[in-house]
Amino acid sequence: MRKSVAVLAFLLASQWPLAALNAQGGAAETVAVELSSFKFTPSVLTLQHGHTYRLHLVNAAGGGHDFAAPAFFASSAIAPADQAKVAGGKVRLSGKQTVDITLTPQKAGTFPLNCTHFMHTSFGMTGRITVQ
Ligand SMILES: [Cu+2]
């Protein structure tokens with residue numbers, strides 16, 4: 001048991017630093033998304049798989065919103081320090097809150113984005129993340 005935990009810790013420690021660098025060996029690129037009532041700006045994100053991004057989420061509204069993209073988060077490697085910020089496939093932001101998530105999309109595809117607060121999706125709070 002102890003040995004398997006040590007092996008797992010080694011794998012996590014040895015793989016993450018590689019994933020944290022993009023193809024050019026530079027730092028993570030920042031992608032800023034503003035949440036407001038009732039939209040994401042921008043509402044369409046285009047990312048490259050294997051590249052590392054700092055997702056900078058800013059809630060400009062006084063009330064809470066969330067950034068829900070379960071399939072996108074499930075197919076991305078999320079930095080260990082930021083994993084607790086993503087729960088149930090979404091990042092919750094209270095009014096005026098800012099949250100940064102460093103992650104590396106692993107798979108190409110188109111993933112839906114929305115806010116799960118009551119009625120917010122029908123008010124237009126939806127988007128799309130395309131990973132190339
Ligand atoms: Cu909302």
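A residue counts as buried here when its relative accessible area is under 20%, as exposed when that figure is over 50%, and as partly exposed in between (1.4 Å probe, protein chains only). The model is a predicted one, so local features need pLDDT of at least 70 and side-chain atom pairs count only at pLDDT 80 or more, while totals for chains, interfaces and linings use all residues. Residues are numbered from 1 along each chain as its sequence is written, and side-chain values use heavy atoms, with hydrogens and water left out.

Start with the overall layout. The protein has 2 helices and 10 strands; these are DSSP runs numbered from the N terminus (helices are H or I with at least four residues, strands are E with at least two). Read from the N terminus on, the elements go α-β-β-β-β-β-α-β-β-β-β-β. Buried residues make up 35% of the 132 residues in the protein. Contacts (heavy atoms within 4.5 Å) can also be sorted by sequence distance: among those between residues at least 6 apart in sequence, 72% join residues at least 24 apart.

Next comes the inside of the protein. In soluble globular proteins, nonpolar side chains tend to be buried together. A nonpolar core is a set of buried Ala, Val, Leu, Ile, Met, Phe, Trp, Tyr and Cys residues joined through side-chain atoms within 4.5 Å. The largest such core has 26 residues, and the members that touch the most others are Leu55, Phe67, Phe72, Phe73, Val91 and Ile129. Two or more residues come from each of strands S1 (29-36), S3 (44-47), S4 (53-59), S7 (90-93), S8 (98-105), S9 (109-114) and S10 (126-131), and from helix H2 (70-74).

Val91, leaving aside residues up to four places away in sequence, touches Leu57, His65, Asp66, Phe67, Phe73, Lys85, Val86, Val99 and Ile101. Leu57 sits in strand S4 and is buried at 0% relative accessibility. Leu57 and Ala32 are 25 residues apart in sequence, yet their C-alpha atoms are 6.0 Å apart in space.

Rings of Phe, Tyr and Trp (its six-membered ring) pair if their centres lie within 6.5 Å; planes under 30 degrees apart count as stacked, over 60 as edge-to-face and the rest as tilted. The structure holds 5 aromatic pairs, and ring pairs link Phe40, Phe67, Phe72, Phe73 and Phe111 into a cluster.

Then there is the metal. Donors are N, O and S atoms within 2.8 Å of the metal (3.2 Å for Na, K and Ca), and sites may look incomplete because water is not among the atoms. For the copper ion, the protein donors are His65 (ND1), Cys115 (SG), His120 (ND1) and Met125 (SD), at 2.0 to 2.7 Å. Their spacing along the sequence is H-x49-C-x4-H-x4-M. Cys115 and Met125 both lie in the loop between S9 and S10, so this pair ties together parts that are 10 residues apart in sequence. Cys115 is buried at 0% relative accessibility, and Met125 is buried at 0% as well. Angles among the 4 donor atoms run from 87 to 135°, and the site is irregular. Four donors count as tetrahedral if all angles lie between 85 and 135 degrees; four count as square planar and six as octahedral if opposite donors are over 155 degrees apart and all others between 65 and 115; anything else is irregular.

Back to Thr52, which lies in the loop between S3 and S4. Its side chain makes a polar contact with the side chain of Thr104 at 2.7 Å. A polar contact is a pair of N or O atoms within 3.5 Å; within protein, one must be able to donate a hydrogen and the other to accept it, and residues adjacent in sequence count only if both atoms are side-chain atoms. Thr104 belongs to strand S8 and is buried at 2% relative accessibility.

Finally, the backbone. Most residues other than glycine have a negative phi, and most peptide bonds are trans. The bond from Ser37 to Phe38 is cis, with omega near 10°, and the bond from Thr41 to Pro42 is cis with omega near -5°. Lys96 has a positive phi near 65°; it lies in the loop between S7 and S8 and is exposed at 60% relative accessibility. Met119 has a positive phi of about 75° and is partly exposed at 39%.
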